[in-house]
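Hi,

Here is the structure I promised to pass on. Have a look at it first, and my notes follow below.

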Amino acid sequence: MKGNVIRMEQDNKTQIKISVRNLVEFILSSGDIDNRTGGRIDTDAMQEGSRIHRKIQKRMGSNYHAEFPLSITIPINRDDIEFELCVEGRADGIISQDTEKPSIVIDEIKGVYMDLSYLEKPILVHRAQVMCYAYIYANQFGHENIGIRITYCNIETENIKYFDETFSYLELERWFHNVVQEYAKWAAWQVKWTKYRNESIKSMNFPFSYRPGQKELVTDVYKTIIRDKRLFIEAPTGVGKTISTVFPAIKAMGEGVLSKIFYLTAKTITRTVAEETFQTLIQNGLHIKSVTITAKDKVCILDKPDCNPVSCQCAKGHYDRVNDAVFDLLQNEEGISRDLILAYAKKHNVCPFEMSLDVTNWSDSIICDYNYVFDPNVYLRRFFMGDKKNDYAFLIDEAHNLVERAREMYSATLYKNQFLSVKKLIKENDKRLEKRLETCNSDLLKLRRECDDCKVIDNISDFVLHLMRLMSEFDEYLKEFADSEGKDEILTLYLDIRHFLYIYELYNDKYITYTDYDEQGEFRIKLLCMDPSENLNSYLEKGRSAIFFSATLLPIQYYKEQLGGREEDYAVYAPSPFDVNKRLLMIGNDVSTKYTRRNETEYKKIFDYIEAFTQAKKGNYMVFFPSYQMLNQVAGLADGRLEGLVVQKNTMSELEKEEFLNDFTQNPDISRIGFCVMGGIFSEGIDLKSDRLIGVIIVGTGLPMICNERELFREFYDNRNSRGFDYAYLYQGMNKVLQSAGRVIRTMDDQGAILLLDERFKQSQYTNLFPREWYPNITVNKESMIKELNQFWYNVVT
């Protein structure tokens, strides 16, 4: 958990630090998981909660000391393991009362959206938090009695409700001692494990022979972590990116530089590669606790997650049992996979997803999706709350994906029809909520009347105010009518509004607000993040170092700018280890996929290239198209003329994807030709090694389709740096091209041919984005292509 960091002090005493908040939340959590309410009882993590903190603190008198730092260090001897436990935090306020008893009151402020009349007593962990501060203060300053106050403030109305208590020092001492002793068994395990882990790291050697340039890459990653910097790596397939980043990060952990490694990915296949890398090191003698977070819907015991004690047996009493489940797993396992999580969750009857999150508290490395670090809705708050900088390293795989993912994470959309639908569902139960929904719907109706197609909006402050008022009513409705008809739709709108309000708090000159209509004609309003760098940086700043790596990180300055790179951060190119003689790259210069040139004649020309390319040698091929529309047009021409043709469908189940790839076998008896879409499920992250794939054709430049949002990006960056087309279309398109082409050569022994079909690939704005390993390349027409292919296949075979 955040804060339970092991330090070796100058006198060689081992010290563990933990925050007050993390201590009480870990030890005192109990009861059920319950998703039937909005979950907003504790919102001080949100910026609105922080604003309330500051506002209340400023209006207090001179006897109020805000943000008062407190810490206490306790010697522990548990299971023959001696260490010091440092519990630290910052009290929201210390109130000095000269004429009243007690003379000191510790204040804890909590911003909430709920109606305070429903709050009859303080939340257990809030009370425990301020009791910790009270004990530490009384211990340091010698008070026999001390008061506590929990100040709840409604964020919208700013109404306040106080809960006050007074304790003797002895009462607090006994209570605090019990909490610490409960935590001590965990801390003792951590001290023992860390020593065992570090000894194995010291003797850990690189598990393979270094490829050309790989040792330098490992060194670059290590130095970046040591120097507290960020590194952007353009590393072609085959360099060994995963082991080259994981190995030096673990070495830095063994030296006490890092406390946690986050390996972040966008796709399941890259998570699997990361797991295999850690497993390889474990098989070579490393001892490390590495856990993979799997999405809730993939590990849930229900067909559809419904996390409450009525729907799920694991949710009932989950928090009463989960610590025992985690401790059991930690004592017996190291590489903690999805299957292990499921097995131990079943053994202890707890939610496997929530258990996996709790396992991360004690893990050395966490393999997970980008969301768990960067997404404001699902990021792991236990590690990233507050402004404290931690000894974390972020290893960000396939980092080119993070730009679009981050833009979406930090954007927010609301649909007008949502408000009307929910209004109909709740109108019989809550007239006040119905009125609030109608007000917001009226705001959107007014905006819709002003929007013919797409309109940028300068000011939505009135709408936001109405949303905040709506949320207060929403909170109470969700408590009172948790199982009402349409609860999923109601909760979806609630969560969408919450996210919208959060993004509105982040809003700055890197955002625009616009309204338009989706493909079904539904009216919507969107807060669109144009540049995610500041938002990403706010999370990256909570770690020590970040390593961004991808085979397609070009132009690297663009990715540095968008992903929060700083002037002092590094960028390196890892040379490709492949023999260029085993790869043939050709550009067909008499074909175009421009929208104005898409016709039957051009489609036939494209098909003739495909037919000739795949007939030059029996084997497995993939052809990547810019859209399903063009794919289907060319597939129609291929009917009866291309043997072994398989076509990617618009939607495919996991089983269908697996069956599609299984058709690409080694040493095939007949050719297999897959028609796929650039940017789709088969253009990135799949690993068809050896002769499971010997050729790839890229049809077109991959440019995104023109749409309102793309044009808004274009205008925004034209005004900023006159590179609107590049930022909105070119870079994303070329990245899809590079990723698709990268499917063909995966290992040092692979050999294959790549054909780029579009005359624009000869223009400088495209060739400037070619990676170094794409040289030399050859410009061809259909006839010269056949000659080049025949010569190439003859040479590589002989």
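Asp 569 sits in the loop that links α20 (556–562) to β19 (570–573); helices (H or I, at least four residues) and strands (E, at least two) are DSSP runs, numbered from the N terminus. This is a predicted model, where local features need pLDDT of at least 70, side-chain atom pairs count only at pLDDT 80 or more, and totals for chains, interfaces and linings use all residues. Residues are numbered from 1 along each chain as its sequence is written, and side-chain values use heavy atoms, without hydrogens and water.

Asp 569 has a relative accessible area of 5%, so it is buried (under 20% relative accessible area, with a 1.4 Å probe and protein chains only). A polar atom of its side chain lies 3.0 Å from the backbone nitrogen of Arg 230. Beyond neighbours within four places in sequence, Asp 569 is in contact (heavy atoms within 4.5 Å) with Lys 229, Arg 230, Phe 232, Lys 560 and Gly 564.

Next, helix α22 (residues 628–638): Met 630, Leu 631, Val 634, Ala 635 and Ala 638 are buried there. Seen down the axis, the buried residues of α22 fall within an arc of 135° (taken from the directions from the helix axis to the C-beta atoms), so they line one face of the helix. They pack against α21 (600–615), β21 (620–625), β22 (645–647), β23 (672–677) and β24 (695–699). After α22 comes Gly 640, with a positive phi near 85°.

Happy to talk it over!

Best wishes

Technical notes. Buried < 20%, exposed > 50% of the residue type's maximum accessible area, 1.4 Å probe, protein only. Polar contact = N/O pair within 3.5 Å; in protein donor to acceptor, adjacent residues only side chain to side chain.
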